[in-house]
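Please read them with the structure open beside the text.

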Amino acid sequence: MDQLLPTEIIEAGGAFPEALAACGDLDALLRLKGAYIGREGSHAARLMDLLKTAPKEQKRDLGAAINALKQQWEEGLKARQAELETAKKTRAAQASQWDPTLPPPVPVRGALHPLNRLMDRLVDVFRPLGFHVEEGPEVETEAHNFDGLNIPEDHPAKASSDTFYLAAHPELLLRTHTSPVQVRTLLRVAPELAKRGGIRFLAPGRVYRKDEIDPTHSPMFHQVEGMLVGHGIGMQHLKGTLEYALRALFGPHTEIRLRPSYFPFVEPGCEVDVSCPLCAAKGCRVCKGSGWVEILGAGLIHPNVLAYAGIDPAEWSGWAFGMGVERMAMMLSQTPDLRLFFENDQRFLQAMGGLD
Amino acid sequence: MLIERQSLAQEIPAVAGQETRQLCEILAALGFPVDGVSTTEGTDVLDVDITANRGDAMSHRGMAREVAAKLQQPLTPLPDEGVNEGAALVEVRLESPACPIYATAILELGGGETPEAAQHFLRCMEATPKRLAAVDASNELLLRYGHPTHAFDADKIRGALRVRWAQAQETLVTLDGLTRTLTSQDLVIADESGPIALAGVMGGDSTKVTAETRRVLLESAWFDPKTVRAMARRHSLHTDASHRFGRGADPAMARVARDLLVARLQAWCGAKLQGAWTAGAVPQAQSPIPLSEGLLNRIAGEALGLDLAEASLVRLGCQVARDAQGLRAVPPSWRHDLTIPEDLAEEVLRLRGYEHIPSTLPPLEGPPEHLAPAYLQKQRVARRLAQLGFHQTVTYGFISPEVDAPFSGPANPVEGRTLANPLGYEYSVLRGSLLPSLQATAEQNLRQGARQVRLFELAPAYVSSPAGPVERATLAVVWGGILGGEDYLSPARAVLEADLTGLAKDLNLPARPPVHRLGEGLFGIEVAVADLPLPQDRIIPSFRAFSRFPSVERDLSLLVDLDHSYEALHGAMAAALPGDCLQDLRCVDVFRHKNLPEGRQAWLMRMRFQADRTLVGEEVDGWVASALAAAESLGAKLRA
Ligand SMILES: [Zn+2]
């Protein structure tokens with residue numbers, strides 16, 4: 001029967017499977033479709049012309065041959081079209097797909113300084129007990145920094161080797177502790193102390209001592225001072241308050257320990273240890289195996305301090321404490337060098353600070 | 001203060017059986033924490049921390065007294081050396097109340113040197129034995145009993161001894177070889193030739209004991225603590241003696257220590273006592289200190305009662321009497337720190353142990369006070385900036401005058417803010433601005449490889465005034481480096497001045513603060529915290545109606561001169577638009593390109609309108625036309 005078909009058609013028929021496979025997209029397929037089974041000029045069209053002019057006795061066989069050929073082509077094209085359409089859909093789906101593991105844009109975040117955070121946390125801890133915050137100037141008078149605190153006139157801390165003084169104002173100095181805020185606050189509230197029912201406050205702030213800068217010393221550092229004045233205040237109230245506060249700070253299982261000590265502005269005075277928050281008091285490098293770390297100094301307000309402010313120590317009494325912020329921050333964070341807190345490397349601040 | 005265990009046990013035998021760790025706990029509970037324990041020559045040596053008020057505890061005897069009182073165990077009695085006093089061999093005249101008693105003796109030294117036991121003790125105390133019996137014995141006595149003594153070469157003393165105030169400009173060569181020029185506040189021991197010792201501080205070179213010394217004159221006196229402290233400070237001469245006398249030695253020990261020293265020299269080197277005598281007398285005991293039961297129980301937080309108090313104070317060496325008001329205690333001659341009733345109460349609690357103090361929260365007697373607005377303001381702004389991506393810094397309040405000057409200006413002279421005794425020139429001035437510190441911190445961060453620096457600080461800046469530096473709570477922000485470019489969606493660009501202006505807007509600053517250019521791509525702003533607007537005092541502000549009708553947006557692209565004022569253009573356009581319908585008018589794009597007419601730029605102005613009705617196109621077109629006309633009147637042209 002093949003002898004009825006022209007040679008070029010037979011060749012085209014033979015080339016069809018390969019041409020079909022070579023179609024990479026739907027456009028190429030459309031072109032191939034045109035060439036084989038298009039309405040005009042295609043191989044199929046030419047075959048139809050051939051059928052029209054064929055002798056009558058050949059028409060039946062020729063027709064069958066042409067139909068077979070056309071059907072083969074049409075089926076092949078249809079199958080290939082389905083294949084290509086599926087492939088196109090898959091690519092489209094891939095194009096709109098997004099890899100969630102790519103690094104996304106992240107909102108920036110800064111950080112409060114770790115020392116400020118620690119001071120803020122202390123304020124938070126004491127707020128429920130009715131403490132507010134008092135602030136005082138960093139440039140202080142000798143009277144507020146020393147005299148009002150029962151510090152003897154010849155105390156070594158007053159020496160220019162220990163305390164920074166102002167050149168043009170010899171009576172002014174950079175406060176060496178936050179305790180002058182006690183003096184200022186007591187002087188201010190003394191006339192209304194009975195009306196307001198005593199006072200209780202924290203005084204966080206920066207203080208200065210003439211220390212050379214090294215891994216454990218800084219000429220500027222931070223303290224948090226706490227003070228309470230009321231009626232009949234004794235050591236039990238100091239212990240109770242500190243127990244509450246330090247448990248809020250370090251956890252409910254924290255224990256505290258008071259040891260006798262001496263500061264001119266309190267009597268009795270004590271050092272306060274807290275059960276080591278780093279090892280749950282089991283003993284570690286920080287607590288030198290003792291399970292205790294020294295955290296602050298405290299005591300009952302010396303009657304001279306109350307009297308200086310015009311408060312009758314026979315009626316009023318109170319307690320005070322002072323805490324070194326850097327010391328606590330270094331202890332809690334295991335920061336090896338105090339200078340890191342004042343260098344302000346963003347990597348340090350980011351890692352040690354936070355937003356609240 | 002170093003305490004050697006076995007020597008302590010000689011004073012209080014009860015501790016002999018105790019472990020060193022137990023002993024450390026007892027000392028800490030008494031207020032003498034042990035900083036460390038070392039083992040020296042086969043014995044434990046404790047490094048005990050002694051507070052400045054407890055000069056009486058600075059010896060083995062002193063520490064033993066404390067432990068004995070705590071443990072209720074007896075002290076070894078002080079040895080009675082049986083030295084008989086006789087007539088003065090050298091006249092001693094006490095001419096100042098700062099020296100009420102001066103016990104002395106003259107001995108002729110024999111052969112022999114410091115025994116090994118004493119040398120061992122001195123080595124444990126980290127003191128170097130001098131092998132001069134008189135010197136070593138005096139040292140050993142000091143560390144064991146806490147009373148400083150001194151030995152002069154008796155043959156070098158001329159005439160009578162006087163304890164007197166120095167005359168101004170008198171000089172004395174002290175044992176360390178330095179020539180000291182004296183003042184009338186210096187108490188000296190003098191002979192006919194002049195001062196031979198700084199009383200209670202250091203002996204003189206001319207009368208010092210050497211290997212050739214044949215006869216010694218011993219000094220065991222008591223000097224006023226304040227006088228000795230002042231001398232030690234004035235001459236920067238802090239010695240073991242000045243330490244003890246400065247913190248208050250025991251005047252009753254003057255004779256006892258002299259006797260002990262005599263006995264040591266007799267035993268150690270066969271010295272022969274030529275005579276012993278004392279000028280002056282132990283001063284009167286302190287007047288009694290009262291302690292009422294009320295005060296004691298208030299401080300203790302529980303009803304301890306006066307019986308316990310009396311027993312505790314007696315154990316500490318006080319003489320106690322009871323009366324209707326409570327008790328009255330005369331402190332022992334060695335306790336100069338006990339002066340007020342609270343001191344006595346502390347002693348009672350201390351001996352009992354602070355661990356027994358009860359624990360309770362103080363009652364609230366009045367309403368708590370609110371946090372001050374100024375404090376809250378700082379907290380608020382710090383949190384806002386941290387949330388915006390800024391890092392809070394803490395930098396020193398003092399800086400170098402050079403870096404301060406450009407930011408402080410002539411209105412804030414540096415003289416009023418300069419420290420008399422700074423750590424160095426670069427830390428000598430209280431800063432007039434926080435920006436120099438932040439600039440240095442930013443540069444340091446950039447050098448360390450930070451792509452972007454976002455820093456802020458809240459701290460006082462100082463303004464000179466006749467009364468001294470005035471502190472102004474200040475906020476400074478520094479921003480620089482590259483923004484974005486850290487992920488595949490955010491393009492990178494340099495931080496610009498405009499970013500700081502926008503930040504100032506976020507902080508609601510009433511006036512636009514000047515943006516300081518601190519370096520290439522590094523900018524800063526600084527404002528007084530007082531100038532930050534206070535938050536509204538209402539938690540939720542009063543309701544303001546807003547339209548639910550759709551808003552209409554229109555853009556105008558205007559060609560304006562490169563130096564055209566945006567503020568003027570914005571003002572003119574806004575004035576031409578109906579205020580009740582104009583929601584927003586702003587430039588949303590600045591276009592500068594060589595294709596634009598020379599000297600011109602294009603601003604894309606966006607207007608947003610909204611009203612309590614649906615806006616009609618024609619009406620909005622009319623408004624836009626008037627806005628354009630207003631812009632054109634200022635020289636702007638509609639961009640084709
Ligand atoms: Zn630990």
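With which residue does B:Glu553 form a salt bridge, and how far apart are the closest N and O atoms?

1. The model is a predicted one, and the points that follow should be read with that in mind. The partner of B:Glu553 is B:Arg606, and the closest N and O atoms of this salt bridge are 3.7 Å apart. Because B:Glu553 belongs to strand S26 (residues 552–561) of chain B and B:Arg606 to strand S28 (residues 600–609) of chain B, the pair ties together parts that are 53 residues apart in sequence. B:Glu553 is partly exposed, at a relative accessible area of 40%, and B:Arg606 also counts as partly exposed, at 27%.

2. Elsewhere in chain B, salt bridges that share partners link B:Arg54, B:Asp56, B:Glu66, B:Arg335, B:Asp337, B:Glu347 and B:Arg350 into one network. Over all chains, a search of the whole structure finds 63 salt bridges.

3. A further salt bridge joins the side chains of B:Asp499 and B:Arg493, with an N to O distance of 2.8 Å. Its two ends can be set side by side: B:Asp499 counts as buried because its relative accessibility is 13%, under the 20% cut-off, whereas B:Arg493, at 38%, counts as partly exposed.

4. In chain A, the closest N and O atoms of the salt bridge between A:Arg80 and A:Glu83 are 2.5 Å apart. Both residues lie in helix H4 (residues 56–95) of chain A, and because they are three residues apart there, about one helical turn separates them. A:Arg80 is buried, with a relative accessible area of 15%, while A:Glu83 is partly exposed, with 48%.

5. Charge on the surface of chain B also deserves a look, since B:Asp35, B:Asp47, B:Asp49 and B:Glu126 gather there in a patch of negative charge. One of these residues, B:Asp49, is placed in the loop between strand S3 (43–48) and helix H3 (60–71) of chain B, and with a relative accessibility of 37% B:Asp49 counts as partly exposed.

6. As for the layout of chain B, the chain is divided into domain 1 (2–71), domain 2 (92–280), domain 3 (289–352), domain 4 (373–531) and domain 5 (552–638). The C-alpha centres of domain 1 of chain B and domain 5 of chain B are 87 Å apart.

Key. Residues numbered from 1 in each chain as written. Chains lettered and ligands numbered in written order. Predicted model: local features only at pLDDT ≥ 70, side-chain atom pairs only at ≥ 80, totals over all residues. Heavy atoms only, no water. Patch = residues over 30% accessible without salt bridge, like charges linked within 9 Å, V, L, I, M, F, W, Y side chains within 5 Å. Areas by Shrake-Rupley, 256 points an atom, 1.4 Å probe, with all protein chains shown as cover. Salt bridge = Lys/Arg side-chain N within 4 Å of Asp/Glu carboxyl O. Charge placed at Lys NZ, Arg CZ, Asp CG, Glu CD. Helix = DSSP H or I, 4+ residues; strand = E, 2+ residues; numbered from the N terminus. Buried < 20%, exposed > 50% of the residue type's maximum accessible area, 1.4 Å probe, protein only. Domains from an automatic or database assignment.
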